[in-house]
Amino acid sequence: MKAAAFLARACGPLRKLRAAEAAAAPQPRASVQPRPLRPGKTPVPPDVEAALRARFCGFVKGRVPYLLSTFHPHYHAFKYGTEAGGAAKQLERDLETAVSRFKYSGFKVLETAPGSHSDEAFITFRYNSVAKTRAVRPTGDSFVAETNFDGTAKVSTTIERSRFLRDPASGGQWLFADYTLIDYPTWMEEAKQAELRARGEAGAGAGAGGSA
């Protein structure tokens, strides 16, 4: 799939959300004292797949503030071992790293499944990533894609099963709660170990990913 077509499909939900946010935001008038419009409701993705697509687009476009709004408080306890919602700063730093050091593409939903109750759902998906390394240039540091010996981009593939919870406090939005890495590159080993620690299986999956 061409890049433009891929982004149009994967990022459609997020674009609609952004357009709705812009329409609902206070707008200045021609008078000296602008009067804000009546605030409206920002729509949420209608289902788990739409929520996941919007999240993936957030990673593609590097929209950290949006991504922060898509995590369920439970994720903090799962990934960082803190109380619910207690690792906001660490999560923000990790997101900044994820969007600056990696380029994402090849998104594909493989399976969706209901959870144990109506506000829980699972979705399995696949995506590609290219790691970038810091390059020092006269114009300043920048990140360039890692390459193979023949000069082609070094692409890794991840398969993940994500769990989403519908949160009444956010207007019924489907929020990302935790994950299971099924196949993953070696640079995601820390994320796999965090998953195993949360499930009481730390150390059991070291090196289990197998992807380059």
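1. Arg-161 places its charged end over the ring of Phe-122, 4.1 Å from the ring centre. The criterion is NZ of Lys or CZ of Arg within 6 Å of the ring centre and within 35 degrees of the ring normal.

2. On provenance: this is a predicted model, with local features needing pLDDT of at least 70 and side-chain atom pairs counting only at pLDDT 80 or more, while totals for chains, interfaces and linings use all residues. Residues are numbered from 1 along each chain as its sequence is written, and side-chain values use heavy atoms, with hydrogens and water left out.

3. The protein chain has six helices and five strands. From the N terminus the order is α-α-α-α-α-β-β-β-β-β-α. Elements are DSSP runs numbered from the N terminus: helices are H or I with at least four residues, strands are E with at least two.

4. Of the 212 residues in the protein chain, 39% are buried. Buried means under 20% relative accessible area, exposed over 50%, and partly exposed in between, with a 1.4 Å probe and protein chains only. Contacts are heavy atoms within 4.5 Å. Among contacts in the protein chain with a separation of 6 or more, 54% join residues 24 or more positions apart.

5. Aromatic pairs number 18 across the whole structure. In one of them, the ring centres of Phe-59 and Tyr-104 are 5.8 Å apart and the planes lie at 70 degrees, so the pair is edge-to-face. Phe-59 belongs to helix 2 (residues 48-61) and Tyr-104 to strand 1 (residues 102-114), so the pair ties together parts 45 residues apart in sequence. Phe-59 is buried at 16% relative accessible area. Tyr-104 is buried too, at 9%. Phe-176 and Tyr-179 form a stacked pair, 6.5 Å centre to centre with 20 degrees between the planes. Both of these residues are buried. Rings of Phe, Tyr and Trp (its six-membered ring) pair if their centres lie within 6.5 Å; planes under 30 degrees apart count as stacked, over 60 as edge-to-face and the rest as tilted.

6. Which residues do ring pairs link into a cluster? They are Phe-56, Phe-59, Phe-102, Tyr-104, Phe-107, Phe-125, Tyr-127 and Trp-187. Two of these, Phe-125 and Tyr-127, also touch Thr-158.

7. Thr-158 lies in strand 4 (residues 155-167). Its relative accessible area is 0%, so Thr-158 is buried. Leaving out residues up to four places away in sequence, its contacts include Arg-126, Leu-181, Asp-183, Tyr-184, Pro-185 and Met-188.

8. Helix 6 (residues 189-198) is mostly covered, with seven of its ten residues buried. Just after helix 6, Gly-200 has a positive phi of about 75 degrees.

9. The largest pocket holds about 670 Å³ of space. Its lining has 26 residues, with Phe-59, Lys-79, Ala-98, Met-188 and Ala-191 nearest its centre. Helix 5 gives the largest share of the lining, five residues. Other elements supplying at least two residues each include helix 2, helix 4, strand 1 and helix 6. On a 1 Å grid over the protein atoms alone, a pocket is an open set of points where a 1.4 Å probe fits, with protein on both sides within 12 Å along at least five of seven lines; lining residues have an atom within 4 Å of a point.

Note on methods
Points joined across faces, edges and corners; volume = space filled by probe spheres on them.
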